Amino acid sequence: IVVALKANFLIVEIDHKNFKDYSFDEFNGKIRLLCIRRSKLNYQGLFIDVGDIVGVESIDYKNKRAVVSDVEPRQSFLKRPAVANVTLVSICISADEPLFDMEQTSRFLLTAECANIEPLIILTKIDLITKNDLILYINKFKSWGYDCIPVSIHNSQGIDSLIERLRKTKLTVLAGPSGVGKTSLINHLIPTVSLPTSSVSKKLKRGTHTTRHVELFAIGNGSLLADTPGFNRPEIVCEPSDFAFLFPEFRTQLSNSQCKFRNCLHRDEPGCVIDKDLERYPFYRENLEEMINSPLPYQAG
Ligand code: GDP
């Protein structure tokens, strides 16, 4: 797997358990090789990004160098930052400061659903709310069809559960609005990186972000975490007829029973099985109308 891009080189992590002659003990049985691309890859116009699974040849174990000769088709792709084969988008939502925003949270979730990547909600800064409010949040997300992991870096609550969850998936990127604590969390989870954080008010004033290359870090059990907060501007590109399937709570209803009309958009059609009293229905409806009235492909956010 490509774990970083450095100038014209690719840093590729490989399993070295088959090469007993060399005793590398870094990265839990993995070694990182500095690689160049085989020129045919350039001719074929194949882009390689962090997260791509590649084939390497001409391995020089002594100097930790090799040549990338192949790249596998991607299972998923996240555009900003460009990371291939992401298996989990962890969406950080702050319990307070900044205030919870249902529509914004939904746009992040929809962006992950749209890219066909599993989303996980991380509820941050729970030291700022009461136990009762925490239960309300958990129940809210449950009614949307999502689990959430509540955390606080101030008292380390939930951090162990989060690490345990992240170790069950291959490659995680953290996403979410500015100021919710993504950078703080990355610094907490990957002690070797130290990204600058700043207060919410400073962030809102600044509004600009320095972009840099992503690097993937081992977090145990063969799992990797991108050291850069992921997209913080959601992007949903979707056909109106597919839109309801991006909401787990509607998906469940549609898999349990069928609407009368096959092309039902779940507006006011007779025989529609979607429960219009669900919390996110008005949000669905509003975005659907925009989608119908705008030229395709529709982009929300
Ligand atoms: P990002 O924009 O999502 O990367 O947010 P940062 O990590 O830069 O954090 C924004 C602000 O929230 C900083 O002032 C952090 O100290 C603060 N913060 C982060 N995590 C927590 C937390 O668990 N509890 C509290 N009370 N504040 C936090």
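**Ring pairs, salt bridges and the ligand shell**

With a relative accessibility of 21%, Phe100 counts as partly exposed. Here buried means under 20% relative accessible area, exposed means over 50%, and partly exposed is what falls in between (1.4 Å probe, protein chains only). The model is a predicted one, in which local features need pLDDT of at least 70 and side-chain atom pairs count only at pLDDT 80 or more, while totals for chains, interfaces and linings use all residues. Residue numbers start from 1 along each chain as its sequence is written, and side-chain values rest on heavy atoms, with hydrogens and water left out.

The structure holds 13 aromatic pairs. Rings of Phe, Tyr and Trp (its six-membered ring) pair up if their centres lie within 6.5 Å; planes under 30 degrees apart count as stacked, over 60 as edge-to-face, and the rest as tilted. Phe100 pairs edge-to-face with Tyr137, at 5.4 Å centre to centre and 80° between the planes. Phe100 sits in the loop between strand E8 (88–94) and helix H2 (102–114) and Tyr137 in helix H3 (residues 131–144), so this pair ties together parts that are 37 residues apart in sequence. Helices (H or I, at least four residues) and strands (E, at least two) are DSSP runs, numbered from the N terminus. Tyr137 is buried, at 11% relative accessible area.

Tyr281 and Tyr284 make a tilted pair, 5.8 Å centre to centre with 40° between the planes. Both belong to helix H9 (residues 281–293), three residues apart, or about one turn of the helix, and both are buried.

Glu279 and Lys140 form one of them, with the closest N and O atoms 2.8 Å apart. That pair links distant parts of the chain, Glu279 being in the loop between helix H8 (248–256) and H9 and Lys140 in helix H3, 139 residues apart. Glu279 is partly exposed at 33%, as is Lys140 at 23%.

Glu289 meets Arg267 in another salt bridge, again with 2.8 Å between the closest N and O atoms. Here Glu289 is in helix H9 and Arg267 in the loop between H8 and H9, 22 residues apart. Salt bridges that share partners join Lys6, Glu13, Arg32 and Glu215 into one network. Within it, Lys6 and Glu215 meet at 3.8 Å, N to O.

Oxygen atoms of the ligand lie 2.9 Å from a backbone N or O atom of Ile153, 2.7 Å from a polar backbone atom of Gly179 and 3.3 Å from one of Val180. Taken alone the ligand exposes 590 Å², and the protein buries 85% of that (accessible areas by the Shrake-Rupley method with a 1.4 Å probe; for residues, only the protein chains shown count as cover).

Methods:
A polar contact is a pair of N or O atoms within 3.5 Å; within protein, one must be able to donate a hydrogen and the other to accept it, and residues adjacent in sequence count only if both atoms are side-chain atoms. A salt bridge is a side-chain nitrogen of Lys or Arg within 4 Å of a carboxyl oxygen of Asp or Glu.
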